[in-house]
Amino acid sequence: MVDRRFRQADGEGVETVLNGGRLVCDPSGVVFAPEHGLLIVSDLHLEKGAAFARRGMMLPPYDTQATLALLEAAVARHRPAHVVALGDSFHDRHGAALMPTASRERLGAVMAGRRWTWISGNHDPEPPAGLGGETAEEIVVGPWTLRHEPSPFARAGEIAGHLHPVARVSGRGRSVRGACFASDGSRMVMPSFGVTTGGLNVLDRAFQGLFAPDRAKAYVIGVARIYPIPFHALSV
C-alpha cells in the first residue's frame, strides 16, 4: 500500500473549480490553490501506530515517517506559502507531545518558512503540543471555508475531511477501489492523507445530502493520474 502511494504521488493532477475558485487535486492526496499559494491536506493521522501500541494493539511502526515523506514531497512540489491541515492531523490528543524527536524535527522542517494552520479534529481537538503554527475550528481563504467535518447543511465553498472518501469503479469483470476527492463544484470532501487510514465509500449514507446528485463526482486517484467519475457510474 505504501509503495502504491508513492507511485501515485508522481502522477498528474487535475484542475477543478470549487465555488468559483481554481484548485488542483494532486495525486498525493492534497489540494493546491495556485492563486492563493495554499496547500490543503486532511487526516494525516500521524502517530497512529504509536497510539495503537499504547492500547496494546500492534500496527507497522512506519506510518509517521511514510506520511511525512509524502507530505514533504507534496510541499516541495507546490511550494505553498500557507498549509492548512484539516484536522485529525494526529491520531489522538497525545500524538504531538509524544512524537519522537526525529519525526518532530522532520515535521518542523516542512513547516518552516510558511504559514501553517492546524484545524481541530475529533481525534486532536487541542493545538498540537510544541509544534507551532496556529489552530482554528475553521478558517476562510478566498471563496472557501476550511473545516474538519462536513456541515450537515448545504454550504457553498466548504472543503472538509473526516469521512476518508473512497470510490469503487467496476467494469469488464473487475472492480477497482481507490481514495478520491468528492465534489459537486460547490463543496469538497478530501481523501485521508495518512498511509494507514481506511476509507468510506462515497455511496455510503454518510455522504447523502452533501452533494448535488446530478453534479457529484469522485476524483479517483489512480497510479498514473486522477479520474473524474460521476457518482452514478460508481459501485458500492
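Q: Where is D43 found?
A: D43 is in the loop between strand 4 and helix 2 (48-54). Helices here are DSSP runs of H or I with at least four residues, strands are E runs of at least two, and both are numbered from the N terminus. This is a predicted model, where local features need pLDDT of at least 70, side-chain atom pairs count only at pLDDT 80 or more, and totals for chains, interfaces and linings use all residues. Residues are numbered from 1 along each chain as its sequence is written, and side-chain values use heavy atoms, with hydrogens and water left out.

Q: Is D43 buried or exposed?
A: D43 counts as buried, at 1% relative accessibility. Buried means under 20% relative accessible area, exposed means over 50%, and partly exposed is in between (1.4 Å probe, protein chains only).

Q: What about the phi of D43?
A: The phi of D43 is positive, about 55°, although D43 is not a glycine. Most residues other than glycine have a negative phi.

Q: And what is phi for D88?
A: D88 has a positive phi near 50°, and is not a glycine either. D88 lies in the loop between strand 5 and helix 4. D88 is buried, with a relative accessible area of 2%.

Q: In which sense do strand 4 and strand 5 pair?
A: Strand 4 (residues 38-41) and strand 5 pair in the parallel sense, over four bridges. L38 stands opposite H82 in strand 5. The bridge partner of I40 is V84.

Q: What stands opposite V84 in strand 6?
A: T117 does. Strand 5 and strand 6 also pair in the parallel sense, over four bridges.

Q: OK, aromatics. How many aromatic pairs are there?
A: The structure holds three. Rings of Phe, Tyr and Trp (its six-membered ring) pair if their centres lie within 6.5 Å; planes under 30 degrees apart count as stacked, over 60 as edge-to-face and the rest as tilted.
One of them is F90 with W118, a tilted pair at 6.1 Å centre to centre with 45° between the planes.

Q: Why does that pair tie together parts that are apart in sequence?
A: F90 lies in the loop between strand 5 (82-85) and helix 4 (95-98) and W118 in strand 6 (residues 115-119), so the pair ties together parts 28 residues apart. F90 is buried at 2% relative accessible area. W118 is buried at 3%.

Q: And which pair is edge-to-face?
A: F211 and F231 form an edge-to-face pair, 5.8 Å centre to centre, with 80° between the planes. F211 sits in the loop between strand 14 (200-201) and strand 15 (217-221), and F231 in the segment after strand 16 (226-230), 20 residues apart.

Q: Which residues form one aromatic cluster?
A: F90, W116 and W118 do.

Notes
Two strands pair if DSSP finds at least two bridges between them.
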